[in-house]
Amino acid sequence: MKTSHEPTSGFVYLVGGGPGDPRLLTLRGAECLRRADVVLYDYLVNPQILEHVGPDAEKICLGKHGRTRIWTQAEINDRLVLEARGGKTVVRLKGGDPVLFARLAEELDALGSANIPYEIVPGITSALAAASYAGIPITQRDGASALALVTGQERTGKPYTSVDYNALAKFPGTLAFYMGVTTAPVWSGELLRQGMAADTPVLIVRRASLSDQTSIATTLGAVADVLSELRPPAIVIVGEVAKPKTENHGIQSSWFTARPLFGQTVLVARPVHQAAALVAPLQELGADVLLQPAIEIGPPDDWSAVDQAIAELPAYQWLVFSSSNGVDGFLERLLETGHDLRSLGHLQLAAVGPGTARALKRYHLQADVCPREHRAEDLAAALLQTDGGNAFLLVRGSRGREVLEDTLQHAGKKVTKIVAYLSQDTPRAAPLAAQRMAANEIDWTIASSSAIAKSLVRLFGESLRKTRLASISPITTQTLNELGFQAEVEATQYTMPGIVDAILQAVEATEKCVTEENK
Ligand code: SAH
């Protein structure tokens, strides 16, 4: 029973983080992470999942084999209780599902004894993710009517016989081994000894759902040898369902690994609120996308020039936007200051490219002029070809090229330029991105503007040579060159889909070369 002088008790969520792909976390899991004051997480949990955690929450890693000290179970239990007693909302984040091979019983006992309320949030367990991502049904009408989830690793100090291999060898269905890599000689040896056929099909799925997933088909007789060459984590599926579709043993392809950008890690450097146009299509093509904004967008220090321009809108005939941030900055200010879209009724609208035109559409505004590609030169040319007035209000960010203003002025137009948002370089790269860049783990980095290109060079320095740079346009490529870097590919269409296309073509061309060399 709680007494009145006890601090309010906190709450513990025991959350399953899923097999690896951060998008396989449940919605409930994400909700708990957003709510947490403290997160205690296993090293197997993908650090990208922690992006759901609020900026002020404490994130505690419980250790990584061979790298840092690993917390004992007693230490974990004590800390859970301590934090919850201090009134905190705690998330205990585990790989896969928390009720499977996750030492949940010990934690529930500790919470129970301390009278701490908790909730268990399921996750996708790695055996089921391995089957889905390797493209095999793990039960099957004609043969595998049951599934056994088995640990290859018995509790230390206990003899292996506590797993009944005799029963498992006769099991009428599929076996899925967790933690079975280093212990393969033991469990596979026992199954063989108990009479399971040496040619029983086996599929090893290593790092299921991650960008370096591999699945290898083999047999029970050979699995220990194959696993001696592999490092955990892996799930080993034993039974008829594991039989390869062709007779070929060895590396198997699946819907997941066959996607065109599978295995490619791509760093996207756009601000978070603008990254979706790159992240979504890249992920759909199978790439592993890392988000590291190189510039940050914020409101200008001073709105007075914008406010004055808003007050003088009747004097203009053209309102010209050179980015979607400009659209948001300007229109939000217009609305916030008590105006509405009627103030724009007499104006012609221009957008520098399709992205900016789409931003206008979100405010139910249609661009009268929009070049097919995002380039100030094309916009200037298009504007000079149209008639409809001489007074231009250019809405732009705190930095950008002067081409548009110069060209219009040179042609005798009246041009006013206002800054509707501030664009600043991100001061430093997130540790994860910096570490992966330095470790040569990022295949592509996208420079989607000159400002981003400059900031990338500052953020990563010489490490940026360890990645291939994809540039959105000749101007961005030139900026990279001036900084001493080469673009590996340049988009033919200077848009986000154009960049994705350029990367895709480069990857497909390399793969074609490799296949031909192997012929
Ligand atoms: N609670 C977890 C299991 C933890 S035991 C779950 O439900 O999945 C750790 C074992 O999980 C590893 O030894 C390995 O067998 C398996 N595992 C975890 N992540 C994996 C992944 N991405 N691919 C294959 N196996 C994985």
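In this predicted model, the ligand is surrounded by 17 residues. Asp97, Leu100, Thr125, Ser126 and Ala234 are the closest of them. A backbone N or O atom of alanine 234 lies 2.7 Å from an oxygen atom of the ligand. Alanine 208 places a backbone N or O atom 2.8 Å from a ligand nitrogen. For glycine 95, the distance from a backbone N or O atom to a nitrogen atom of the ligand is 3.0 Å.

Serine 209 was examined next. This residue sits in the loop that links strand E8 (201-206) to strand E9 (214-219). Beyond its neighbours within four places in sequence, serine 209 contacts Pro19, Gly20, Asp21, Leu24, Tyr133 and Phe256. Serine 322 is 113 residues away in sequence, and the C-alpha atoms of serine 209 and serine 322 are 40 Å apart.

An open sheet is built from 5 strands. Their order is E13-E12-E19-E20-E21, with parallel pairing. Strand E13 (288-291) and strand E21 (489-490) each have a single partner strand, so both stand at the edges and one side of each lacks a neighbour in the sheet. Within the sheet, strand E12 (residues 265-268) and strand E19 (residues 444-447) run parallel and are joined by 3 bridges. Here valine 266 stands opposite tryptophan 444 of E19. Two helices pack on this sheet. Helix H14 (residues 431-438) touches E12, E13 and E19, and its direction makes about 125 degrees with that of E13. Helix H15 (residues 450-460) touches E12 and E19; the angle between its direction and that of E19 is about 135 degrees.

The largest nonpolar core holds 26 residues. Leu313, Leu319, Phe330, Leu331, Leu344 and Leu393 touch the most other members. Two or more residues each come from helices H9 (304-311), H10 (324-336) and H11 (354-362), and from strands E15 (318-321), E16 (348-351), E17 (391-397) and E18 (414-425). H10 gives the largest share, 4 residues. The surroundings of leucine 319 include Phe330, Leu344 and Leu393. Leucine 319 also touches Leu347, Gln348, Leu349, Ala350 and Val395, with residues up to four places away in sequence not counted. Another core, of 23 residues, lies apart from the largest one. Its members include Ile472, Ile499, Ile503 and Val507.

Note on methods
Residues are numbered from 1 along each chain as its sequence is written. This is a predicted model: local features need pLDDT of at least 70, side-chain atom pairs count only at pLDDT 80 or more; totals for chains, interfaces and linings use all residues. Side-chain values use heavy atoms; hydrogens and water are left out. Two strands pair if DSSP finds at least two bridges between them. Contact means heavy atoms within 4.5 Å. Axes are lines fitted to C-alpha atoms, for helices over the stretch in contact, and angles run from 0 to 180 degrees between N-to-C directions. A nonpolar core is a set of buried Ala, Val, Leu, Ile, Met, Phe, Trp, Tyr and Cys residues joined through side-chain atoms within 4.5 Å. Buried means under 20% relative accessible area, exposed over 50%, partly exposed in between (1.4 Å probe, protein chains only). A residue is near a molecule or strand if one of its heavy atoms lies within 4 Å of it. A polar contact is a pair of N or O atoms within 3.5 Å; within protein, one must be able to donate a hydrogen and the other to accept it, and residues adjacent in sequence count only if both atoms are side-chain atoms.
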